[in-house]
Amino acid sequence: QVQLVESGGGLVQPGGSLRLSCAASGSIFSMYAMDWYRQAPGRQRELVAAISSLETTNYARDVLGRFTISRDNAKNTVYLQMNSLKPEDTAVYLCSARSGSRHYWGQGTQVTVSS
């Protein structure tokens, strides 16, 4: 069992920055691939960024160059640094952990980008 708790969401101006955190407990964090998804009302859930147990990364096309995913295994935490934020980035951001067929989700944190 893996428990995930996101934090760091909030209201920011367009062009601003925000760092999301996802703290994990209950299993061997370093063995899991970690993902950030986002979900806006009326829209399909979207994979934003992913980081493997070997720290290789992948990003959605529309966040490349603006967002950075990283992990600190000593702290059992994955981060999403979000720069140059746009209104279309507004969504609930969810952290996930996966290993094989196992897939766990956090509760989500709201990010709102608005003037």
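Contact here means heavy atoms within 4.5 Å. Leaving aside residues up to four places away in sequence, Val 78 touches Leu 20, Ser 21, Cys 22, Phe 29, Met 34, Trp 36, Ile 51, Ile 69, Ser 70, Arg 71 and Cys 95.

A word on the source: this is a predicted model, in which local features need pLDDT of at least 70 and side-chain atom pairs count only at pLDDT 80 or more, while totals for chains, interfaces and linings use all residues. Residues are numbered from 1 along each chain as its sequence is written, and side-chain values use heavy atoms, with hydrogens and water left out.

**The core and the disulfide**

Val 78 is also among the residues with the most contacts inside the largest nonpolar core, which has 30 residues; Leu 4, Met 34, Trp 36, Leu 80 and Tyr 93 are the others named. (Such a core is a set of buried Ala, Val, Leu, Ile, Met, Phe, Trp, Tyr and Cys residues joined through side-chain atoms within 4.5 Å; buried means under 20% relative accessible area, exposed over 50%, and partly exposed in between, with a 1.4 Å probe and protein chains only.)

Two neighbours of Val 78, Cys 22 and Cys 95, form a disulfide with their sulfur atoms 2.1 Å apart (the cut-off is a pair of cysteine sulfur atoms within 2.5 Å). Cys 22 sits in strand β3 (residues 18-25) and Cys 95 in strand β9 (residues 91-99), so the link ties together parts that are 73 residues apart in sequence. Strands are DSSP runs of E with at least two residues, numbered from the N terminus. Both cysteines, Cys 22 and Cys 95, are buried.

**Salt bridges**

A salt bridge is a side-chain nitrogen of Lys or Arg within 4 Å of a carboxyl oxygen of Asp or Glu. The count comes to five, including these:

| Pair | N to O distance |
|---|---|
| Arg 98 and Asp 35 | 2.6 Å |
| Arg 38 and Glu 46 | 2.8 Å |
| Asp 62 and Arg 38 | 3.1 Å |

Arg 98 lies in β9 and Asp 35 in strand β4, so their bridge joins parts 63 residues apart in sequence. Arg 98 counts as partly exposed at 35% relative accessibility, whereas Asp 35 is buried at 1%.

A network of salt bridges links Arg 38, Glu 46, Asp 62, Arg 66 and Asp 89.

Terms used: Helix = DSSP H or I, 4+ residues; strand = E, 2+ residues; numbered from the N terminus.
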